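Look over the protein below before reading on.

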Amino acid sequence: MAEIDKDTVVAALKTVRVEQLGTDIVSAGWVKDPVVSGDRVTFAIEVPPELGPQLEPVRAEAQRTVEALDGVAHVTAVLTAGRAAGSAPTPPPPQQRPQAGGHGHSHGHSHGPGPGMMGHGGGTGRLDLPNIKHIVAVASGKGGVGKSTTAANIALALARLGLKVGLFDADIYGPSVPRVMGLAGRKPTARGDRIVPLRNHDVTVMSIGFMVEEDSPVVWRGPMVVGALEQLLRDVDWGELDVMIVDMPPGTGDTQLTMSQRVPLSGAVIVSTPQDIALLDARKGLFMFRKVEVPVLGIIENMSYYQCPSCGHREEVFGHGGARKTAAELDAPFLGEIPLDLKIREATDAGRPIVVAEPDGPHAKAYLDIAKSIWSSISGETPDAQPAKKKPKFWFR
Ligand SMILES: Nc1ncnc2c1ncn2[C@@H]1O[C@H](COP(=O)(O)OP(=O)(O)OP(=O)(O)O)[C@@H](O)[C@H]1O
């Protein structure tokens with residue numbers, strides 16, 4: 001078979017025309033960074049949000065076109081909707097992000113991946129992921145509560161317990177895991193027909209964010225999201241994992257519900273800030289998982305209180321303790337509280353979450369305690385933390 005190269009792929013995609021524009025998808029600037037590895041080609045087609053839903057036929061044609069090329073065996077073509085050309089780069093605040101379930105009709109999982117995504121797979125049962133012993137969802141009722149920060153630190157703390165850990169960023173509306181894990185701008189490669197995930201800080205990482213620009217808000221419909229996520233879970237070569245942490249999309253819409261049904265979850269963790277409104281949302285999250293019989297492993301209160309970095313004074317900004325109370329009322333374990341601390345933000349935003357940046361500090365200890373509780377509830381084992389590494393290991397593929 002002939003070796004395929006990127007230029008051939010781009011040239012082929014130039015034949016895919018968009019009627020609405022009178023040009024092709026390459027000239028329109030919609031084709032983002034095709035990744036060619038062996039006989040596998042992966043690319044995103046980033047379209048203006050207002051055109052998004054009409055463009056599934058274009059995506060399908062692009063996929064067929066590349067599949068027809070000599071030397072290509074597998075194609076992953078993802079349709080994403082960035083901001084409209086010429087519009088200001090203003091991602092919506094997390095609370096106003098599109099909820100995939102909010103279109104007034106249900107996207108039941110029996111429809112499979114639906115339009116918009118490469119359509120192999122999908123179905124009604126749970127995904128079969130035999131090499132992954134346990135999958136734990138980290139969810140929140142609304143955006144911006146620190147779910148990704150929590151998910152990453154829990155994953156890192158589990159790795160410190162000596163476990164083989166994966167972190168899967170399913171937050172399609174704002175995939176922040178690449179940045180949080182210090183992998184922004186990196187691209188996964190392919191081996192055979194599998195995508196090779198990235199790895200940093202001893203955790204194996206995959207995110208839709210590796211395929212789209214971080215600052216382009218993705219406006220997808222529910223079935224597209226579920227299809228994309230299922231495909232990533234299936235096509236990525238995760239290797240053997242003791243536990244995979246899934247950073248879920250925020251909210252409790254149909255997408256989240258479908259994911260909770262399709263992914264074989266061992267349990268879910270709910271992250272909440274202390275504000276009442278967030279707790280109301282957290283309750284919804286908890287009920288959603290209970291509805292689909294996924295055990296709620298517990299609630300974490302993030303940004304629980306403010307601790308002055310210089311004098312150590314504790315300020316209960318939002319009336320801390322609400323999550324503990326809610327957990328007791330709802331008969332769910334309370335896993336712990338993480339303060340609002342500038343160090344946590346700086347560490348996360350620099351791609352070295354606090355568990356790695358200050359492995360012997362109090363915050364790392366809090367995350368380790370949470371990770372231990374999670375691991376003992378899903379495995380029945382009581383693990384010991386490994387001593388912190390003097391030099392964090394970076395291992396890029
Ligand atoms: N405990 C904390 N103390 C200080 N800053 C925090 C804390 N937790 C999270 N942050 C900061 O808050 C911001 C939002 O966090 P993060 O991206 O984890 O939230 P999220 O709930 O995943 O949001 P979304 O899903 O809407 O993207 C980040 O800048 C992060 O560094």
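Leaving aside its neighbours within four places in sequence, which residues is Leu 163 in contact with? They are Leu 158, Asp 242, Val 243 and Trp 375. Leu 163 sits in the loop between α3 and β7. The C-alpha atoms of Leu 163 and Leu 241 are 7.9 Å apart, although 78 residues separate the two along the chain.

**The model as a whole**

This is a predicted model. It scores ipTM 0.97 and pTM 0.71. The average pLDDT of the protein is 79, and 78% of the residues score at least 70. Residues 83-123 have a pLDDT below 50, yet this stretch has 91 contacts in the model beyond near neighbours in sequence. Residues 390-397 also stay under 50. For them the model has ten contacts beyond four places in sequence.

The protein has eleven helices and 16 strands. Of its 397 residues, 53% are buried. Take the contacts with a separation of 6 or more: 78% of them join residues 24 or more positions apart.

Gly 141 lies in the loop between β6 (132-139) and α3 (147-160). Val 145 has its place in the loop between β6 and α3 as well. A residue counts as buried if 20 or more other C-beta atoms lie within 10 Å of its own. The table gives the counts.

| Residue | Other C-beta atoms within 10 Å | State |
|---|---|---|
| Gly 141 | 25 atoms | buried |
| Val 145 | 25 atoms | buried |
| Leu 163 | 22 atoms | buried |

An unreviewed UniProt entry carries the annotation "binding site". Among the residues the annotation covers are Gly 141 and Val 145. Lys 142, Gly 143, Gly 144, Gly 146, Lys 147 and Ser 148 are also included in that record.

How many of the five residues of β11 are buried? The count is five of five for this strand, residues 203-207. In a regular strand the side chains alternate between the two faces of the sheet. In β11, Val 203, Val 205 and Ser 207 lie on one side, and Thr 204 and Met 206 on the other. Both faces are covered, and these residues are all buried.

β11 pairs with β7 (residues 165-169) in the parallel sense, over five bridges. Gly 166 has Thr 204 in β11 as its bridge partner. β11 is also joined to β10 (residues 198-200) by three bridges, and these two strands run antiparallel. Here Leu 198 stands opposite Val 205. β10 and β11 form a hairpin with two residues between them. In the turn, His 201 has a positive phi of about 50 degrees.

Now to helix α1, residues 6-13. Which residues of α1 are buried? Val 9, Ala 12 and Leu 13 are. They cover an arc of only 100 degrees around the axis, so they are on the same side of α1. An α-helix has 3.6 residues a turn, so residues three or four places apart point the same way. The face turned away from the buried side of α1 carries Asp 7 and Ala 11, which are exposed. What do the buried residues of α1 pack against? They pack against β3 (31-37), β4 (40-47) and α2 (56-67).

Technical notes: Residues are numbered from 1 along each chain as its sequence is written. This is a predicted model: local features need pLDDT of at least 70, side-chain atom pairs count only at pLDDT 80 or more; totals for chains, interfaces and linings use all residues. Helices (H or I, at least four residues) and strands (E, at least two) are DSSP runs, numbered from the N terminus. A residue is buried if 20 or more other C-beta atoms lie within 10 Å of its own, exposed if 12 or fewer, and partly exposed in between; C-beta atoms are placed from the backbone. Two residues are in contact if their C-beta atoms, placed from the backbone, lie within 7 Å. The arc is that of the directions from the helix axis to the C-beta atoms. pLDDT is the predictor's confidence in each residue, from 0 to 100. Two strands pair if DSSP finds at least two bridges between them. UniProt positions are given in the numbering used here, feature names are shortened, and annotations may be inferred rather than shown by experiment.
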